[in-house]
Protein chains: 4
Amino acid sequence: MTASADLVPAGSFCGRLIAACPDSWTAYTRHPFVAGMADGSLPEPAFRHYLAQDYLFLIHFARAYALAAHKADTLDDMRYAAGTLSALIDTEMKLHVQYCAGWGMTEAEMAAVPEDPACVAYTRFVLDRGHAGDLLDLYAALAPCVVGYGVIGERLAADPATLRGEANPYEAWIAVYAGEDYREVVRNSIAQMDRLAVRRGGDARFDDLACTFRQATDLEVGFWQMGLDAAGR
Amino acid sequence: MTASADLVPAGSFCGRLIAACPDSWTAYTRHPFVAGMADGSLPEPAFRHYLAQDYLFLIHFARAYALAAHKADTLDDMRYAAGTLSALIDTEMKLHVQYCAGWGMTEAEMAAVPEDPACVAYTRFVLDRGHAGDLLDLYAALAPCVVGYGVIGERLAADPATLRGEANPYEAWIAVYAGEDYREVVRNSIAQMDRLAVRRGGDARFDDLACTFRQATDLEVGFWQMGLDAAGR
Amino acid sequence: MTASADLVPAGSFCGRLIAACPDSWTAYTRHPFVAGMADGSLPEPAFRHYLAQDYLFLIHFARAYALAAHKADTLDDMRYAAGTLSALIDTEMKLHVQYCAGWGMTEAEMAAVPEDPACVAYTRFVLDRGHAGDLLDLYAALAPCVVGYGVIGERLAADPATLRGEANPYEAWIAVYAGEDYREVVRNSIAQMDRLAVRRGGDARFDDLACTFRQATDLEVGFWQMGLDAAGR
Amino acid sequence: MTASADLVPAGSFCGRLIAACPDSWTAYTRHPFVAGMADGSLPEPAFRHYLAQDYLFLIHFARAYALAAHKADTLDDMRYAAGTLSALIDTEMKLHVQYCAGWGMTEAEMAAVPEDPACVAYTRFVLDRGHAGDLLDLYAALAPCVVGYGVIGERLAADPATLRGEANPYEAWIAVYAGEDYREVVRNSIAQMDRLAVRRGGDARFDDLACTFRQATDLEVGFWQMGLDAAGR
């Protein structure tokens, strides 16, 4: 966890959620899929399967922020969620499509890929927590993805063992999630969760929220594993 | 508030919500419509309009408990909500229809009556609080109805000034909500809210929940007033 | 209905919904509040009450488009809804706040005004139709507002009897909804509803959707009336 | 498909959905897990894992019927959904718990088992279809489970190759889903879907609904496979 101290303050609500499920968090952020991106050893079919599913993932991720905007009790909360929704479908998805084009995958191809059960499980779990609970439950289910990718990017970028240059086909992926733009996204989501935790009784609900966070983290582990399984690993 | 001390413990979460909006609570539980039932002076057209709208109200009230069952995080919470839903559509609605038959109104007639905006406002406000928030937000919006009718029934039944016997066409209504069956419903809803308040951080969220409770109470005032307005009062 | 022929094609799904409830549509689009804006006779307190409630209305209207984005089955549907959400909270609300400043009302004041039951009834009815049904039900409930304002703006702008110039304090309001920008919003919403009606079986569901559209139109009548009532008319 | 002709009329909406995805339907209803129950060869650990997950499944299945009751547009629709919800949590879950006790599993143990991603994927997919769409979308996602178990029970009970008597530890399971009580549940769900298909434009939406039905069927395949995987098959 030390490596992420910079990005995720230990005293933040999100930092406390991470600290409450150390095994799941490590299994997620140090998954063999991640290690394979760091040293360039990840089989390309694994990454390609991941990319296509990540396209479908982003659609439901965007739907989750739309739900957050709908559930907002204040204009600030609505603007935060709607801004993220807008960034996802207007910017992120287009970047993802461009990036995938570099791997020889078209948007039409990805849209036609059957959704992997691992993708269904994580995305619909998040949406269900949002419908069953309140905005804080929803953000607790979204946090492993938003924050975890930043933590992974930060660690891989800082690690001297990470393979650099053209030898590593995954360097661009690492650069995105280690980049200042994404770090800002992460910091904003941590701050938003801190505000909500105060207003929505986060301390009294910590155990339930930690359970949601851990389940979502475990489903992220399944999302990485799905990539490896597709490549027969 | 003293009259309801027996039914609603002052220290219960619901008791605290009532204490946070004394003016709205008084305007609701001592509305002229209520006073008119107590002394039998309420014009019959007012009561008839109220009864027909109350039929439509019960449908959306049942939908709110269905939403509560859907949002439940525990089997106990689900059983409580589903049991209430079942009681509402299998028992309460049939009793309501029987009771209305005594006033010469058939179920088909009531189902065909256009829903009054006062009924739309209250019922859909409750449902929206349920979708926007969690189970505690939903129950805070439902409480003025469930608990308020018990408080009104208790006070009118205990008040020596209440007109008794055949002279008061509204005596049966009062008897229902002053009866032990309904008091049990109220006590269970108060206990359920107390349990949820602990688990869902009710203390930290008290001001927001009190705002929801007050808005719902004000919409109950509108529901009584709708009856009087229909009778040209 | 003839006056709106240009903006709302008679054969469009929305045109058919309007044609199915002529009395409600006329009561809404030719309400005395509207006539008062046309000839400048509307009491200012009526308009001020309307403006403050319209601010609250816009918040829940935006939440309805967030719900639409969440419910979308295609990326195009999501982009349409998210784009409208974004336009509402980033552009429309700011314009509304600026416009209200011209009437001496600050955003803080409007945010603090208690929501009128007429506003609660309409906005929460729309949201409930969205939760109970699908995207087409939701858009059928939203259409009277989106399309109706365009129809009103078009008619008042074209009507030689409309009072022009500084003598009419409501001329700017009329200009907004008669303007090309707003007409484009209306045309897009009509086209979106036509696409959805095909995909979601609109013809087979016409009676139910017409019922939703009519109820929403009646609640718009209530919204205008709320303004007059506030001014003691 | 012939074997289920009796239970599922070919011309029913559900029969048409089944006919639209023959490969998925066969993979589901003739899965090796099912074959292993028929001849008694299914490893007990596979069945035990299935039973524990089915307990968790039933909870979310009940939540889906609660959502259906909430979304209902008519009292009949609400009574159907609420009756099913009630049957599930008052009767089915208790029978399931009793049945599992016969396999040496307590309710507390099952409630403590981590939910398998295959269970998360199917249940939350169903709930999401319900939130994104209308009642018909929700029932299309629920149908593979409700109807498929009846079809499986019917076929295994009728098949002379099915191992009978104490030699087959799964005979009681087969008897439940081949029993007249369960057949009545299936017939009612088919009839309810037929009514909804008429009212909600099912013919025009057939392709989308068939897609939902097929996805849900594929997730049922995953649910059986989860049992085998747990036993290392």
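## The contact between chains A and B

In this predicted model, chain A and chain B meet through 16 residues from chain A and 16 residues from chain B. Together they bury about 1300 Å². Carbon and sulfur atoms give 35% of that area.

The side of chain A that touches chain B divides into nine charged, four polar and three nonpolar residues. Six salt bridges are found across the interface of chain A and chain B. One of them joins R129(A) to D73(B), with the closest N and O atoms 3.1 Å apart.

Three helices of chain A each supply at least two residues of the side that touches chain B: α4 (44-71), α7 (117-132) and α10 (180-199). The largest share, three residues, comes from α7(A).

## How chains A and B are related

The same surface serves both copies, and 100% of the contact residues of chain A recur in chain B.

## The contact between chains C and A

Chain A also meets chain C. This contact takes 22 residues from chain C and 22 residues from chain A. The area buried between chain C and chain A is about 1700 Å², and carbon and sulfur atoms give 68% of it.

Between chain C and chain A the count of salt bridges is zero. The count of residue pairs in polar contact is six, with both residues at pLDDT 80 or more. On chain C, the elements that give two or more residues to the side touching chain A are α4 (44-71), α5 (75-102) and α7 (117-132). Of these, α5(C) gives the most, with 10 residues. The side of chain C that touches chain A divides into 14 nonpolar, three polar and five charged residues.

## The annotated domain

UniProt lists residues 24-229 of chain A as "domain: Thiaminase-2/PQQC", in an unreviewed entry. Over residues 24-229, chain A is 81% helix and 0% strand. The end C-alpha atoms of this stretch are 19 Å apart.

Methods:
Residues are numbered from 1 along each chain as its sequence is written. Chains are lettered from A and ligands numbered from 1 in the order in which they are written. This is a predicted model: local features need pLDDT of at least 70, side-chain atom pairs count only at pLDDT 80 or more; totals for chains, interfaces and linings use all residues. Side-chain values use heavy atoms; hydrogens and water are left out. Contact means heavy atoms within 4.5 Å. Buried area is the accessible area (1.4 Å probe) that two parts lose on being put together, summed over both. A salt bridge is a side-chain nitrogen of Lys or Arg within 4 Å of a carboxyl oxygen of Asp or Glu. Helices (H or I, at least four residues) and strands (E, at least two) are DSSP runs, numbered from the N terminus. Ala, Val, Leu, Ile, Met, Phe, Trp, Tyr, Cys and Pro count as nonpolar, Asp, Glu, Lys and Arg as charged, and the others, Gly among them, as polar. UniProt positions are given in the numbering used here, feature names are shortened, and annotations may be inferred rather than shown by experiment. A polar contact is a pair of N or O atoms within 3.5 Å; within protein, one must be able to donate a hydrogen and the other to accept it, and residues adjacent in sequence count only if both atoms are side-chain atoms.
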